Amino acid sequence: MKTTMSNFSKLDSISKIIKNLDAFDTLLKNASTYHAHRKEGFDSETLKEHIILVNEKFEKLTEIHQLDLVIDTLIEGFAKNNFETKTAFQASQFIKKLFVNTIVFHDYGKINPNFQVDKMNNKLFKKERNSVLSSHHSSLGAYFFILNHFQEFSKKQHEFSNSEKMLLFYSILIFSYPIFKHHSKTLSNNVEEKINFDTKELEKMQSYLKEYDFEIGDFPKKIITQIKTLFEKYNILKSEYNEGVIKDNFPLYALLKLNFSLLTASDYLATGEYMNGLKLENEKEFGVLKREEVEEIYKNMIGKNEGKGELYNKTTYQNLDTDFGDLSEPNNENLNKLRQKMAIEVINKVRQNADKNLFYIEAPTGGGKTNLSMLAAMELLKENEELNKVFYVFPFTTLVTQTYKSIKKTLGLNENQIVQLHSKAGLTAKESDNKTEENQGEVDADYGEEKKNYIDNLFINFPFCLMTHIKFFDILKTNEKETNYILHRLANSVVVIDELQAYNPQHWDKLIYLIKQYAQFFNIRFIIMSATLPKLSKIEVLEKDTSDFVYLLENAKTDYFQNENFGKRVSFNFDLLEDKDFDLEKLAIQVVEKSKEYAPKDFGKAKPKGSVYTIVEFIFKKSATDFEDKIKGYQKEKGKFFDKVFVLSGTILEHRRKYIINSLKNDQNRNKKILLITTQVVEAGVDIDIDLGFKNISLIDSDEQLAGRINRNVNKENCMLYLFDKDDASVLYGSDWRFQIINKDKKISEEDLRNILEKKDFDRLYNLVFEKIDLKNEDTMTVNFSNYKNHFQNLEFTSAHRNFQLIEQKNLSIFVPIPIPIKVENEKGEKLDEVFSKEELNFLEKAGKYSFDDDEVKGEEVFELYIDLIKNRNKDFLKQKSDFKILQGVMSKFIFSLFGSSKNENKVSEAIDTKKSQHGIYYLENYQNIYSDETGLDENALADMINDFI
């Protein structure tokens with residue numbers, strides 16, 4: 001009979017295990033002679049001092065993030081399937097001690113005399129030229145760890161069965177792996193190769209120790225002999241052995257990743273304290289929410305704190321018991337009541353299920369999903385005292401930026417409480433407390449804050465963090481040390497994942513598997529939300545594990561999606577799909593004529609008489625550019641109709657994008673006739689309200705997303721989205737199973753497609769996708785989910801990471817050295833919306849690349865700074881990393897991306913400065929000939945790249 005942790009007592013805490021450790025001096029004679037780090041002008045840090053400091057950081061991280069229970073739960077997940085009831089507790093205690101001592105022993109190998117001579121310049125030691133270890137220390141530390149714990153285990157092994165003995169010995173070996181790898185950039189698939197000392201290696205290691213007379217306690221020769229025997233007798237690290245003995249290795253995989261996270265993070269923080277005087281001591285500095293902070297933010301959200309947060313939730317909380325009656329008549333008042341009704345349902349449902357881990361929010365576009373998720377997240381934080389941080393996860397950086405502003409404003413958060421984490425965000429600076437000599441330590445006055453800001457961003461020391469899907473799932477599966485630093489932060493958090501359907505269904509089983517596993521073992525509350533939500537829990541291979549999802553809007557389809565305030569805000573027109581000879585000239589005629597027909601309608605402030613906002617969306621930028629030419633030609637021939645024509649695509653830079661969106665939201669422009677020609681970048685949560693739309697069909701999800709930009713507030717009538725077929729969507733979506741089901745498998749008719757869009761029945765499509773996923777997973781002759789799951793079973797860290805890439809397409813980054821304004825007009829038409837942050841401008845000014853008298857930043861100056869930083873890599877490490885992070889945010893404003901095909905690389909090489917482009921970013925020389933601030937890249941100048949821009 002197997003067991004669970006509930007069958008026996010609570011495991012010892014991290015603090016208790018550390019407190020009961022043998023003193024470093026008792027394990028190693030002459031302990032004070034060994035050094036761990038050194039810096040110019042200061043006494044070297046002794047090894048004892050470093051180990052104590054690392055232990056303190058480790059204990060602080062586990063305390064602040066409440067990791068004891070998480071670690072215990074993972075150990076339980078491993079123990080309950082592999083040990084009998086009578087031995088499970090003893091085994092678990094031993095494994096937890098292994099977990100702790102990995103951190104404790106990680107630098108013991110620094111007693112290597114060659115390390116002391118070569119790395120520490122320690123005059124107390126002499127160099128050994130023929131040393132088997134050279135000046136390395138990780139493998140020696142791992143060896144000490146194995147010897148120490150094997151000695152302890154050998155005294156207890158009679159308590160366990162033979163198979164359990166092997167599992168515990170296996171555990172000793174496995175937990176030495178993070179020690180081996182703590183200075184490597186990655187974990188890998190070579191666990192067996194790295195830790196499986198063969199007989200000769202053991203003899204060399206032992207001979208080495210004997211030769212230098214290291215006195216590290218009593219390690220009898222018989223222990224060495226026993227270890228040799230076990231290595232020789234059993235293939236204990238081979239995958240075939242694991243599969244035959246170990247049941248479900250995910251807990252052990254996650255334990256090792258968590259251990260590696262805590263080991264490297266603790267080591268980093270401890271080393272940083274000695275080298276730079278950087279100290280993190282309390283919850284605020286580590287970026288977690290204290291209970292009083294949760295209460296304060298909660299009050300901001302519900303409108304109880306005057307002057308903080310937004311007030312639109314105040315009425316919601318006052319009406320928790322309200323019966324809103326019939327809300328079927330389409331108008332703005334009923335729409336707002338429906339939004340409030342959804343909010344109330346979410347609040348009540350969370351309160352009833354606050355102990356659950358998995359939630360769905362399926363809400364129609366324009367229903368206020370972001371606000372619903374904030375309500376759900378704050379209710380979960382309030383109801384569960386152990387939860388102390390929130391992550392928001394999005395497919396696109398534009399959604400991150402937009403939602404950042406909304407969350408910060410609604411919850412009344414300050415700069416110390418929220419951060420954006422993506423390539424365009426740069427370095428977020430916390431608001432500094434009083435800088436005193438005491439809290440600055442040895443930190444240089446000029447650079448201390450920048451270094452501290454870098455650490456805060458590296459370890460996400462903010463209780464609210466917004467990031468992309470790619471970044472988030474990388475944390476769950478990564479084998480890369482720097483990304484894995486922050487794995488421990490995910491424990492005891494609320495994670496809101498928006499628009500999960502944005503990625504290819506081929507990965508959906510992997511997505512839900514990781515979500516389920518981490519929810520269970522790391523006590524994460526996942527909220528998955530979308531207007532077109534695939535219920536990933538229906539995937540057959542995982543259904544039994546994901547049946548506990550809670551639908552926060554239980555009858556969303558009938559209660560909300562099909563309500564006319566959402567379902568009839570915009571009608572779909574399919575007439576243009578019937579024209580087999582359809583071209584851009586015909587489209588231009590239709591766009592102008594339909595816009596002329598709609599302009600005379602008067603809906604007051606929402607759409608004054610004589611105005612119209614029309615959007616035309618293409619799949620590729622080339623079509624958008626050609627269509628702009630057609631519109632110009634039509635208006636020149638027939639007379640000007642549109643007052644303004646905007647182009648928005650993936651080659652438009654951020655400042656111009658911001659200007660366009662602000663112009664469309666500016667009330668002063670609402671009496672104009674405006675045409676927005678765009679690619680699918682506008683679907684990424686852009687908060688605009690359009691009257692008429694025209695769209696190249698692609699994925700149904702995408703078609704619905706654009707529909708969500710039309711008549712968002714139900715304050716107009718007869719709004720229409722016309723679908724047409726110009727670009728071949730298979731270029732982008734040919735491998736997507738949704739596209740294949742419709743266009744290749746022909747499992748959905750044109751009539752079905754129309755019904756799905758009009759009745760919002762996206763489950764009709766998704767259920768067919770799930771069938772396709774299930775069929776693939778049942779086919780033993782193809783690479784499928786079971787192959788991916790085996791990476792966890794076999795502790796193949798590299799494969800677990802590389803074989804799940806949300807975006808596999810390589811991109812080329814193109815730098816346009818144009819001058820960019822530091823501010824653009826905001827939604828009120830005033831020049832107040834910042835393009836560059838104050839921190840970025842201060843950084844550029846200090847570097848001599850900007851003056852505060854200037855109203856723009858010159859691209860060529862920014863790129864010069866980039867090259868200069870690359871060439872001068874001998875400066876202070878943290879200062880350099882901080883500078884690069886800030887510069888990354890600055891440079892992103894000058895960069896657009898295109899698909900990294902060899903054709904594109906060859907073609908774009910004709911337009912770049914080869915010398916300046918040798919560092920991975922293409923510098924667009926003489927951009928004036930091929931690039932316009934208003935329209936982006938001129939594809940006609942690079943004609944072969946027709947379908948490679950979006």
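Visitor: How many helices and strands does the secondary structure of the chain come to?

Guide: In this predicted model, the chain has 40 helices and 24 strands.

Visitor: What share of the 950 residues is buried?

Guide: Buried means under 20% relative accessible area. Here 59% of the 950 residues in the chain are buried. The chain exposes about 39,400 Å², and carbon and sulfur atoms supply 44% of that area.

Visitor: What share of the contacts joins residues 24 or more positions apart?

Guide: Among contacts in the chain with a separation of 6 or more, residues 24 or more positions apart account for 79%.

Visitor: Which order do the strands take in the open sheet of three strands?

Guide: The order is β21-β16-β22, and the pairing is mixed. Strands β21 (895-899) and β22 (922-923) stand at the edges with a single partner strand each, so one side of each has no neighbour in the sheet.

Visitor: In what sense do β16 and β21 pair?

Guide: Strand β16, residues 811-815, pairs with β21 in the antiparallel sense, over five bridges. Within this pair, Leu 812 stands opposite Leu 898 of β21.

Visitor: Is Phe 863 buried or exposed?

Guide: The cut-off for buried is under 20% relative accessible area. Phe 863 has 2%, so this residue counts as buried. Phe 863 lies in helix α38, residues 859-871.

Visitor: Which residues does Phe 863 touch, leaving out those up to four places away in sequence?

Guide: Phe 863 touches Phe 815, Met 891, Lys 916, Ile 921 and Tyr 923. As for Lys 849, 14 residues from Phe 863 along the chain, the C-alpha atoms of the two are separated by 9.8 Å.

Definitions and conventions:
Residues numbered from 1 in each chain as written. Predicted model: local features only at pLDDT ≥ 70, side-chain atom pairs only at ≥ 80, totals over all residues. Heavy atoms only, no water. Helix = DSSP H or I, 4+ residues; strand = E, 2+ residues; numbered from the N terminus. Buried < 20%, exposed > 50% of the residue type's maximum accessible area, 1.4 Å probe, protein only. Contact = heavy atoms within 4.5 Å. Areas by Shrake-Rupley, 256 points an atom, 1.4 Å probe, with all protein chains shown as cover. Pairing = 2+ DSSP bridges.
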